[in-house]
Amino acid sequence: MTSRWRHWLEERLPGLTRMIRRHVTAYYAPKNFNLWYYFGSLALLVLLNQLVTGSFLAMNYKPGIATAFDSVQYIMRDVNWGWLIRTMHTTGASLLFVIIFLHTFRSIMYGSFKKPRELVWLLGMLLFVVVMAEAFTGYVLPWGTMSFWATRVVVALFATIPVIGPHLAEWIMGGSLPADATLNRFFALHVIMLPLLLLFLVVLHLTALHEVGSNNPDGVEIRCGPKGNRWGKHYPADGIPFHPYYTLKDLVGVGVFLLVAAYIVFFAPSFDGWFLERNNAVMADPLLTPAHIRPVWYFSAFYAMVRMMPSFAGTAVWGPIAMSGSIALLFALPWIDVGPVKSIRYRGTGYKVALGIFVLAFVGLMLIGSNLTDVLFPWLFGANINLTKWTMIFGRTMMLAYFGFFVFLGLYTHLGWEKTRPVPERVRARG
Amino acid sequence: MDEYINRGRRRFLTVTTSAVGGVGIIATTVPFFQSWLPSASARATEAPVTQSLKKIEPGQQLITTWRNLPIFIVNRTPKQLAALPGQNPRLVDPDSKNTSAHQQPAYAQNGTRSIKPQWLILIGLCTHVNCVPTYKGQMKPEPFDPAWQGGYYCPCHRSRYDLAGRVYKDVPAPKNMQVPPYHFVDDTTVQIGVGPKDKA
Ligand code: HEM
Ligand code: FES
């Protein structure tokens, strides 16, 4: 029976089975994937969650500054299961960033951005930027005070650009302040244009990856190694078919992840104000900036960079330059870190120390951006320290470390200072 | 076969059709880009506003709007005014020398940045990235400045201004807060949006 249906389909759409073979049943992935390789499939899962819960939210959400705030309250209180759908969406947004940060860190740590996977990396970074745009436009939709002020602050980053800045800001908002025009266009971006772009980029990201094959924790190319395994003579000896081996492994990851996600959705939906902010449960007021402004946690490191940059030469453009530079440098990573050894397991001590400092700097900037240093510093150093001064000193040091990482890595690998350890011929059996 | 292909003509047609098509595509994007510009109704909120000062007690601030922008009006006490000159060494531009981009009208380019010393009138937007700074009028130590002499504190990235809207050094904001054009209609009424000379 089934074979007759398959035959019928096969005759009319011959590409389908070929595609399934190519990307799933006969896609040979290295046999030594570890925990870090869960995050790609988890990102796909959360993306799917965002698309489904988002579509159902859009069925009751009403864009427009007179209706948006109330329609979100209506979803939370009156729509059957509306609270669940919205909480799944907001929790999904934060968890997607957790996943993407770890996924990106994995790619850095194992040298997955290096030749021949530069394009996979670039498409991944593009995904990161579009996911940030998606998160920002979504954050504006409930039209709470934080929605309003986040829009002002982000649009004003563009306004600092000399000469064209103010016009650009007006163009983005469709007026001198965030208003109806702004909210409606952000809604369109959030529900149509950016999701389509995301899906398109995900397809490219995975197609580009499957063209060159996955990297692995040892950073050894399995396609260059010996050929022949029990599925065929021409397949890489250290590869196993994605299905059923990795589909089943990923399902274990999905199970654990859903457990954590469900706990948050049911028992800590606002995550103590980190995933859903208290200030945003108050409707937007253009004349009142809330006393304690902080961005959602996943933007906090980048926001801290804006705060730490002083103005000089009569312009505030330096903050936005530092912020966009911090992301631009990541895009350029394949051409900054040109060390021949991929995986951290066989790289020089200098690299390991630098990467550790880089992670600490990012976390330090997150602490500043989320105002946690305001609590941490008095607790550590006594109540009467000069907070403004020490936050500046700490923050600028962290920024120096963040940018210093790229400078160091460039010199370290271009000038051949790195002393690497011998790389094994084949991946090690135990990952 | 090959001799029947006129390569020159083929190249010419490829280049010209691509160029014309490209121009067409670019031209088509213009309406879409321009649809994001402020609409006519968004532009229609530009008239001057009149505000009575009667109910503003000494030391108090009132916020009104003009062109959808927040306007701060402060009734400065003699004590607050006396503290202004002392701030000069800590300020970026104490004498309002920066006259670019509507910083302040010429009649407000003085030590108090106002027409009458008592009345401070500002566009209430931080010059960093446009948050509305919080009025901290009391002259008492604050967590962000133990020697606080009254002024504005911006909650977004912690810029600080004194009670003439002059920005302190070492904060993200580059410039003093803007003073809008305004004039006094009578002793207790001010009109924002029109300067003393331009009034009809
Ligand atoms: C919506 C966001 C994203 C989705 C859905 C996604 C999905 C995936 C999936 C399913 C894989 C294969 C499984 C794996 O290696 O874990 C993968 C691999 C990869 N991704 Fe992403 N990704 C996203 C964002 C990113 C970002 C932000 C980066 C960093 C720039 C990135 C860089 C990479 C790299 C370099 C690989 C190859 C890893 C290797 O072979 O070792 N991805 N991605
Ligand atoms: S907007 Fe006021 S300090 Fe940034």
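Student: What lies between Tyr37(A) and ligand 1 that could be called a polar contact?

Tutor: A polar side-chain atom of Tyr37(A) is placed 2.7 Å from an oxygen atom of ligand 1. A polar contact is a pair of N or O atoms within 3.5 Å; within protein, one must be able to donate a hydrogen and the other to accept it, and residues adjacent in sequence count only if both atoms are side-chain atoms. The value of 2.7 Å therefore meets the distance limit. Ser112(A) also has a polar side-chain atom 2.6 Å from an oxygen atom of ligand 1.

The model is predicted: local features need pLDDT of at least 70, side-chain atom pairs count only at pLDDT 80 or more, and totals for chains, interfaces and linings use all residues. Residues are numbered from 1 along each chain as its sequence is written, chains are lettered from A and ligands numbered from 1 in the order in which they are written, and side-chain values use heavy atoms, with hydrogens and water left out.

Student: Which residues coordinate the iron atom of ligand 1?

Tutor: His103(A) and His205(A) do so, each through NE2, at 2.0 to 2.1 Å. Donors are N, O and S atoms within 2.8 Å of the metal (3.2 Å for Na, K and Ca); water is not among the atoms, so sites may look incomplete. The pair links distant parts of the chain, with His103(A) in helix α5 and His205(A) in helix α9, 102 residues apart. Helices (H or I, at least four residues) and strands (E, at least two) are DSSP runs, numbered from the N terminus.

Student: How do you know whether Asp337(A) is buried or exposed?

Tutor: Buried means under 20% relative accessible area, exposed over 50%, partly exposed in between (1.4 Å probe, protein chains only). Asp337(A) has 1%, so this residue is buried. The side chain of Asp337(A) makes polar contacts with Lys114(A) at 3.2 Å and with Arg347(A) at 2.8 Å.

Student: Why is Gln191(B) called buried?

Tutor: The relative accessible area of Gln191(B) is 19%, so this residue counts as buried. Gln191(B) belongs to strand β9 of chain B, and the side chain has a polar contact of 3.5 Å with that of Thr50(B).
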